[in-house]
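Student: Could we go through this model together, one question at a time?
Tutor: Gladly; here it is.

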Amino acid sequence: MLKIYNTLTRKKEKFVPIKPGEVRMYVCGMTVYDYCHLGHARVLVVFDTVVRWLEVTGFKVTYVRNITDIDDKIIKRAQENGETINTLTQRFIDAMYEDAARLGVAQPTYEPRATQCIEDMVGMILTLIQKGLAYVAANGDVFYSVHQFPHYGKLSGKSLEDLRAGERVDIDFNKKDPLDFVLWKAAKAGEPCWDSPWGKGRPGWHIECSAMSEHYLGEHFDIHGGGQDLQFPHHENEIAQSEGAHDHAYVNYWMHNGFVRVDNEKMSKSLGNFFTVREVLARYQPEVVRFFILRAHYRSPLNYSDEHLNDARNALDRLYIALKEYSLPSTEINWDESYAERFKAAMHDDFNTAEAIAVLFDLAGEINRTSNAQLAALLKALGGTLGLLQQNPQAYLQNLHSAEKDLFSQEAIEQMIQQRLEARKNRDFVQADNIRKQLAAAGIILEDSVQGTTWRRQ
């Protein structure tokens, strides 16, 4: 049975959906004021893989991933650029779609934008005010009163006393308590605003996900996911809002993927070690980046460096090399087969892609030893459940690794191989060897067989 590590209970639990055979899952998406970075890529790939595996297991999945298209950062960036908010957000939404598609990430079932769900947010805020969990401040902002919600801190393990003692909280004299958080921001000149019973304004960030998840998945659903950095305060505040409004459980299983680090330091703009997905994809094939992300367990830190990306590329190459001699149509997986059984056990253990990929390497080794076409078909099929190994092996291996400034086009390589063949026919083995060495120096490996000479990029 599938087990998921539940951040709420801090242990692995057997997964039992609310409705048999169906899974409803919500994941916090992007705030679209800039290009997606590697942290976003990890969220996209991790939860795309979760959906893939749930579907392989036989569940019907309703997957919601939101877009935040109204936010302080968005307003500020649009003003700095001298463009409209809609122009800014649409540009980066389009870029996000491009990045996600290149990483092999499928579209979610629903992808609501915050500005499309303002009515839902206003309705939830009104309920919270009526229940005494929120209040309208003198300046027109609406705040959630955290001390009125007795379970505040249950997701993060933070108590109100600890927060008051140790957290740095901005002073806002409109709040009754420094820990109260904003649900609605009163309108300011030059900013977009919407009507509400307490005046014009716009929603705070936290209320967006509570309202959007309820709109598409109901008041109580199975899985809520996101990056580890969202556990507090964002997801903590979601629980306070949704459970405060409805007096029952909000989410059964909370999943959080680990941080992305750069050379063992947390990736951040302030440290200058910030990489966008586009920057990385300009240097590495998209499948290499996806493989790099999945090679680590989703809850563990992911350390980005050129060395680790190069290692991931070489490792993925080895899997494709095991497949390159075979013409492999799509095939059903026999889950009783020993490798498939091990793979399934790994994925059922909290989506342990690291262990599942280790099974793929064991399988590749067996293929190399036995030349078993059935095992090759199994390797491709198992890889497909992770969104890997679906390219034509020869095409993948001959594809230019964009990290390399290769001086040799495909046509030039083919010409040099032909020149080498002519040299060998003429028994000019020195020239033939020089051509091989020249290609090898450029990262191009020649492989001779009775069928002829093939090549791949190292």
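Student: Is Cys-209 buried or exposed?
Tutor: This is a predicted model, in which local features need pLDDT of at least 70 and side-chain atom pairs count only at pLDDT 80 or more, while totals for chains, interfaces and linings use all residues. Residues are numbered from 1 along each chain as its sequence is written, and side-chain values use heavy atoms, with hydrogens and water left out. By relative accessible area, buried means under 20%, exposed over 50% and partly exposed in between, with a 1.4 Å probe and protein chains only. Cys-209 has 1% relative accessibility, so it counts as buried.

Student: How many disulfides does the structure hold?
Tutor: A disulfide is a pair of cysteine sulfur atoms within 2.5 Å. By that cut-off, the structure's disulfides number zero.

Student: And how far is the nearest cysteine sulfur from that of Cys-117?
Tutor: Cys-117 is buried, because its relative accessible area is 1%. Cys-117 takes part in no disulfide, and the nearest cysteine sulfur belongs to Cys-209, at 10 Å.

Student: Which cysteine has the sulfur nearest to that of Cys-209?
Tutor: Cys-209 is likewise in no disulfide. The distance to the nearest cysteine sulfur is 3.7 Å, and that sulfur is the one of Cys-28.

Student: Let's turn to helices. How far apart are the end C-alpha atoms of H7?
Tutor: Helices (H or I, at least four residues) and strands (E, at least two) are DSSP runs, numbered from the N terminus. The expected span of a helix is 1.5 Å times one less than its number of residues. H7 has 16 residues and should therefore span 22 Å, which agrees with the distance in the model, 21 Å.

Student: How many of the residues of H7 are buried?
Tutor: H7 runs over residues 231-246 and is mostly covered. Just after H7, Asp-247 takes a positive phi of about 60 degrees. Of the 16 residues in H7, the number buried is 14.

Student: Which residues does Gln-241 touch, leaving aside neighbours within four places in sequence?
Tutor: Gln-241 lies in H7 and counts as buried because its relative accessibility is 0%. Contact means heavy atoms within 4.5 Å. The partners of Gln-241 are Met-124, Leu-128, Tyr-144, Phe-181, Leu-183, His-206, Ile-207 and Ser-210.

Student: Now the rings. What kind of aromatic pair do Phe-15 and Phe-59 form?
Tutor: Rings of Phe, Tyr and Trp (its six-membered ring) pair if their centres lie within 6.5 Å; planes under 30 degrees apart count as stacked, over 60 as edge-to-face and the rest as tilted. The whole structure has 15 aromatic pairs. For Phe-15 and Phe-59, the centres are 5.7 Å apart and the planes make 80 degrees, a pair that is edge-to-face.

Student: How many residues apart in sequence are the parts that this pair ties together?
Tutor: Phe-15 is in the loop between strand E2 (11-14) and strand E3 (22-31), and Phe-59 in the loop between helix H1 (38-56) and strand E4 (60-68), so the separation in sequence is 44 residues.
Ring pairs also link Phe-15 and Phe-59 with Tyr-253 into a cluster. The separation asked for is 44 residues.

Student: Are the rings of Tyr-320 and Tyr-396 stacked or edge-to-face?
Tutor: Tyr-320 in helix H10 (residues 306-323) and Tyr-396 in helix H14 (residues 393-398) are 76 residues apart. Both are buried. Their centres are 4.0 Å apart and their planes at 20 degrees, so the pair is stacked.

Student: Which residue lies over the face of Tyr-5?
Tutor: A charge sits over a ring if NZ of Lys or CZ of Arg is within 6 Å of the ring centre and within 35 degrees of the ring normal. Tyr-5 belongs to the uncovered face of strand E1 (residues 3-6), along with Lys-3. At 4.2 Å from the ring centre of Tyr-5 is Arg-299.

Student: Last one: which residue in E2 stands opposite Ile-4?
Tutor: Two strands pair if DSSP finds at least two bridges between them. E1 and E2 run antiparallel, joined by four bridges. Ile-4 is on the covered face of E1 with Asn-6. Opposite Ile-4 stands Glu-13.
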